Amino acid sequence: MPLYLDVHTIAGGVSADDVAKAHREDLRVQGAHDVRYLRYWVEESTGKIFCLVEAPNAEAAHSVHREAHGLVADELYEVIEGC
C-alpha cells in the first residue's frame, strides 16, 4: 500500500495535546477508509504537524482527516521509506 507524509500548518502554533486528540480521532475512523495512520510529529511553536500514513490513495488519507476533525493537510507527498 502506498505511504504518504502529510503536512499541516496551524496558524499561531499548536499544542502536542491537541494534536494527540486529533490523532486519536484519526485512528477511530481510519478503518472505514482502508487507511492506517502510523506516526505523527509536532513542532508546537510553528504549528507544523507531520503525519505518516498508509492509504490506498491520497484522497483516502484526506478523507480520514476531514471526517475525524476537519483538519485536512496543506501538503501531501507519496514517499518511499528508507532505513
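The following paragraphs lead through the strands of this structure and then through one of its helices. The model is predicted, so that local features need pLDDT of at least 70 and side-chain atom pairs count only at pLDDT 80 or more, while totals for chains, interfaces and linings use all residues. Residues are numbered from 1 along each chain as its sequence is written, and side-chain values use heavy atoms, with hydrogens and water left out.

Strand β1 covers residues 3-9; strands (E, at least two residues) and helices (H or I, at least four) are DSSP runs numbered from the N terminus. Of the 7 residues in β1, 5 are buried, that is, under 20% relative accessible area with a 1.4 Å probe and protein chains only, whereas exposed is over 50% and partly exposed lies in between. Strands count as paired if DSSP finds at least two bridges between them. β1 runs antiparallel to β3, with 7 bridges, and Leu 3 has Glu 54 as its bridge partner there. β1 also pairs with β4 (residues 75-79) in the antiparallel sense over 5 bridges, where Asp 6 is partnered by Leu 76.

Strand β2 (residues 36-43) is joined to β3 (residues 48-54) by 7 bridges, again antiparallel, and Arg 39 stands opposite Leu 52. Their hairpin has 4 residues between the strands, and Gly 47 takes a positive phi near 75 degrees.

Helix α1 spans residues 16-29 and contains Asp 26. Asp 26 is buried and has no salt bridge; Arg 28, the nearest side chain of opposite charge, is 8.6 Å away. A salt bridge requires a side-chain nitrogen of Lys or Arg within 4 Å of a carboxyl oxygen of Asp or Glu; for charge, Lys and Arg count as positive and Asp and Glu as negative, with His and the chain ends not counted. Asp 18, also in α1, is partly exposed at 46% relative accessible area.
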